[in-house]
Amino acid sequence: MKKIAIIFLAIFAMSCKNKQEKSLDELMNSKDINALKIKQTNLQEQSDSLQNLAARIAEKIAELDPQASKLVKFQIAKDTLYNHFIKLQANIETDQDVSVTPEFGGVLRLLVKEGQYVRSGQLIATISDGGLSEQVNQAKIQVDQAKAQLQQAEIQRDLAKTTFEKQQSLWNQKIGSEMQFLQAKTNYETTQKQVLAAKQQVSAAQRGVSGAESQLAKTRLKAPFSGRVERVITQNGQAVAPGTPIIRLVNPAGVKAVANVPENYLTAIQVGTKAIIHLPSIDKTLESQVRLVSSSINPANRTFQVQVPVPDKDGLVKPNLNAELQLNDYTAEKAIVVAETVIYEDAQGKFVYVAENVNGKEGLAKKYYVETGEVSNGMIEIISGISDGQILITEAPAKLKEGDKVELSNVK
């Protein structure tokens, strides 16, 4: 029976192969990517169908001949690096996503357009200043006048100082009258006060210039950071009030994935933890690392927040995209990892089938009870129970039991 089944499968496979070779060659020459993808899918489906058929035949053989060896697939247990990831829903955000607003009211003159990239500090709009420019000019004239008065006062003071010093020298030598000495002293003191007052006038005038220039600067809107003009909110020529949104500016290079992590992972997730970001809407998967872990727990949902930078060379990642975030919460340097389907369970616990006493392709199935660890993407870690080098049975007929003869598939 077994030989008949194998012959049948071989004939069936050869028939399929002969029919497909010509059409496959034609497709390869046509370079039609979509057609090749469809062909690849069809061949995979045929392969799956043949595998299912082979499994059914193997089960039938086992039913008709209980002593016959059961055809099984296997893998050699091998220590390997194992990374476990937790899956979280995340949102794509950016710190640099703002609506630019003026601090001064007037008529808007917009200097950029939607989609334009601007540099940090670049002038993006002006507001009519309502005479502020003239105020600045007048304030500067007042500064010049105050400085001129100060200069004149300093000249008068220096002259008064020289006169006072001469009179003081003469008075010390008992030459001249006391009245002359006192008049020179009073005059010098008066000019010193006049210089001080002139300096205060200069400072006041300069403050007037600074205040006027500060107000005037509010009529010139500059980009707070480098980014793209995502949207023009207020058009040219419109009157705007302080706080009116003019444009929305976004820096797409600063996007990040933000997620809330259950508090029981607090010790496992740290800055630098490996992260995988999947963006279903644009079908992209990116690798990154945790950049920030919040220092507090949200009492409402018992979670803490993490931020992961999103590398985006193509500029396709946009704020507010939904994302799936995987964080590496556990790593084993040496672990035996198998598909979850390899693990069975009975009243005594979890176990796997191992092929023992193997001679060529033939061997015996034996149960090994195991302790399992973390599960990730359909794979599970075996912590103890088997060791490196043992032959694990990965696929077998449903009625496989301990002590059954097995034939290892694909053994050379």
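Visitor: Which residues touch the most other members of the largest nonpolar core?

Guide: A nonpolar core is a set of buried Ala, Val, Leu, Ile, Met, Phe, Trp, Tyr and Cys residues joined through side-chain atoms within 4.5 Å. Buried means under 20% relative accessible area (1.4 Å probe, protein chains only). Here the largest core has 23 residues; Ile 92, Val 306, Leu 325 and Leu 327 touch the most other members. Elements giving two or more residues to this core are β2 (80-94), β11 (255-262), β12 (274-279), β15 (303-309) and β16 (322-339). Strands are DSSP E runs of at least two residues, helices H or I runs of at least four, numbered from the N terminus. A second, separate core of 19 residues includes Ala 125, Leu 132, Phe 225 and Val 229.

The model is predicted: local features need pLDDT of at least 70, side-chain atom pairs count only at pLDDT 80 or more, and totals for chains, interfaces and linings use all residues. Numbering runs from 1 along each chain as its sequence is written, and side-chain values use heavy atoms, without hydrogens and water.

Visitor: What is Val 306 in contact with?

Guide: Contact means heavy atoms within 4.5 Å. Beyond neighbours within four places in sequence, the partners of Val 306 include Ala 257, Ile 269, Val 290, Leu 325 and Leu 327.

Visitor: Which residues of α4 are buried?

Guide: An α-helix has 3.6 residues a turn, so residues three or four places apart point the same way. In α4, the buried residues include Phe 181, Ala 184, Tyr 188, Thr 191, Val 195 and Ala 198. Their cover includes α3 (132-172).

Note on methods
Buried means under 20% relative accessible area, exposed over 50%, partly exposed in between (1.4 Å probe, protein chains only).
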